Amino acid sequence: MKQKMHLLKKRLSVIIHDSNRKGIGQIIKEALIFGIKKKEFPYFYFGKFLYRVENTNYLDYLSSAEVDKITLSKKLHHFQYASLLRNKLAFSLFMKQNNLPTPQLISYNLKKRFFYNSTIHYVDTKEDLVKFIRMIFESTSINKIFVKSITEMGGNGCFLLSQKNLLKEIELCGSYILENDCIHQEVLVQHNKVSEIYEHSVNTIRFDTYIDKNDQIHILSAFMRFGRGGSVLDNSSSGGFYVAVDLSEGMLKGESFQLMKYGGEQLKNHSDTGVLFDGYEIPFFEEACDLVKKVVSYIPDRIIGWDIAITPQGPIIVEGNDNNSFIGPDIAYGGYLKHPLFNEIMSEA
């Protein structure tokens, strides 16, 4: 309860101190209209920053009920496809089976059963885990491993293990790894043009794809996520921020967006490097679009959010999400309901 009250006070503080907000009277009026039209408490009116001056089309943004209608639709989503997307181990194996570019799977664990080179290792303690990871470092040319929970989302259950700081890192996350199911992947090297913006995390592009009623594949929108402050995660749900992408130009556009619970800050430049977002060209963007459309043909769930990294050799598929919250793309697009395909999407849902 105390935590919820703290979050509420923080969000109210963000709204009150936002220099770009509309007048209080207009905010109250619009929030009431949003609530009445959408038939729910106007939480998203505030959470999606619709109280800001530039958001005059606030009714074009999705409500929680509209999001649920899409994500829970059995016409848009199929269990068989969703199961491939939600289980990161199954997804990694499926990508490899079909020669689709994805981070190399080095090993994985199902709680204390660790699998490496077709051999099961029983790892009971943090000390055993240190020995297991060191064995991998010694038998390969790698010195870093990225560990991800098989089922968690939003950056939860993600850890970077390095040869240099292994003891300290295992002390912090070892218990979680031993008590959960995780995959252990290579650490991607991203394109230097992306690292110029922020180098400590792999900054991924989120693409939303849709298969229409005529079986045609469309990219609905794209935005790029960035870490900050030394974080190795780019997720907005982990405190990072994101910038909309101009699909026709393959460039970042406008200012960044950040979740309200982290302050809702908008930036023209990255806070760590000073790089200007607007007009920044994304390398291999056309190839990334082609890759996204290709992978949809292998997992034909009708609406998927894809995370794509850009390496020096080209784009690579990090993961796909059938249960997209649509908060990021809705904000980045400027109101998904104004998208020319969304009337069809809602009717199909």
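1. The model is a predicted one.

2. Two or more residues of this lining come from each of α6, β1, β2 and β3. Strand β1 gives the largest share, four residues. By type, the lining of the second largest pocket divides into nine nonpolar residues, eight polar and one charged.

3. Strands β1, β2 and β3 also belong to an open sheet of six strands, in the order β3-β2-β1-β6-β4-β5, with antiparallel pairing. β3 (119-122) and β5 (158-162) each have a single partner strand, so one side of each has no neighbour in the sheet. From one strand to the next, the twist averages 25°.

4. Within that sheet, β2 (residues 113-116) and β3 run antiparallel and are joined by four bridges. For F115, the bridge partner in β3 is I120.

5. Helix α6 (residues 88-97) touches β1 (105-110), β4 (144-149) and β6 (181-186), and its direction makes about 150° with that of β1. Helix α7 (residues 126-139) touches β1, β2, β3, β4, β5 and β6; the direction of α7 makes about 5° with that of β2.

6. A further open sheet has six strands in the order β10-β9-β8-β7-β11-β12, and here the pairing is antiparallel. Its edge strands, β10 (251-257) and β12, pair on one side only. The twist in this sheet averages 30° from one strand to the next.

7. Which residue of β9 stands opposite F223? It is A244. Strand β8 (residues 217-226) and strand β9 (residues 241-246) run antiparallel, with four bridges between them. Helix α10 (residues 285-298) packs on the sheet, where it touches β7 (205-211), β8, β9, β11 (303-311) and β12. The direction of α10 makes about 45° with that of β7.

8. The structure holds 17 aromatic pairs. One of them is F326 with Y336: the ring centres are 6.1 Å apart and the planes stand at 65°. Planes over 60 degrees apart count as edge-to-face, so this pair is edge-to-face. The two residues are 10 apart in the chain, with F326 in the loop between β12 (314-321) and α11 (327-333) and Y336 in the loop between α11 and α12 (342-348).

Key:
Residues are numbered from 1 along each chain as its sequence is written. This is a predicted model: local features need pLDDT of at least 70, side-chain atom pairs count only at pLDDT 80 or more; totals for chains, interfaces and linings use all residues. Side-chain values use heavy atoms; hydrogens and water are left out. Two strands pair if DSSP finds at least two bridges between them. Axes are lines fitted to C-alpha atoms, for helices over the stretch in contact, and angles run from 0 to 180 degrees between N-to-C directions. Contact means heavy atoms within 4.5 Å. Ala, Val, Leu, Ile, Met, Phe, Trp, Tyr, Cys and Pro count as nonpolar, Asp, Glu, Lys and Arg as charged, and the others, Gly among them, as polar. Rings of Phe, Tyr and Trp (its six-membered ring) pair if their centres lie within 6.5 Å; planes under 30 degrees apart count as stacked, over 60 as edge-to-face and the rest as tilted.
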